[in-house]
Amino acid sequence: MRIHATLRTALNAAVRARLIPVNPANGAELPHPRRPHPLWTAGRTARRTKRAPR
């Protein structure tokens, strides 16, 4: 997503400077971002807390 924003900004500047007629990044369809998997699942947390010294 950040790469697209940077590229779009640079291409908009090129359009304003009349180096290119249109910004090709304007019509780009981006994929939906994937949600990261949780590092600590409920089962892993339960196992970890059972072993923790008190």
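What percentage of the 54 residues in the chain is buried? Buried residues, meaning those under 20% relative accessible area with a 1.4 Å probe and protein chains only, make up 11% of the chain. The model is a predicted one, in which local features need pLDDT of at least 70 and side-chain atom pairs count only at pLDDT 80 or more, while totals for chains, interfaces and linings use all residues. Residues are numbered from 1 along each chain as its sequence is written, and side-chain values use heavy atoms, with hydrogens and water left out.

The secondary structure consists of two helices and zero strands, where helices are DSSP runs of H or I with at least four residues and strands are runs of E with at least two, numbered from the N terminus. The radius of gyration of the chain, 23 Å, is well over the 10 Å that the globule rule gives for 54 residues, so the chain is more spread out than a compact globule; the radius is taken over C-alpha atoms, and the rule is 2.2 Å times the number of residues to the power 0.38. Along its principal axes, the C-alpha trace spans about 70 × 20 × 5 Å.

Asn23 lies in the loop between α1 (2-16) and α2 (42-51), and Asn23 is buried, with a relative accessible area of 9%. Leaving aside residues up to four places away in sequence, Asn23 touches Arg8, Leu11, Asn12 and Val15, contact meaning heavy atoms within 4.5 Å. The side chain of Asn23 also has a polar atom 2.8 Å from the backbone nitrogen of Ala25.

Note on methods: Buried < 20%, exposed > 50% of the residue type's maximum accessible area, 1.4 Å probe, protein only. Polar contact = N/O pair within 3.5 Å; in protein donor to acceptor, adjacent residues only side chain to side chain.
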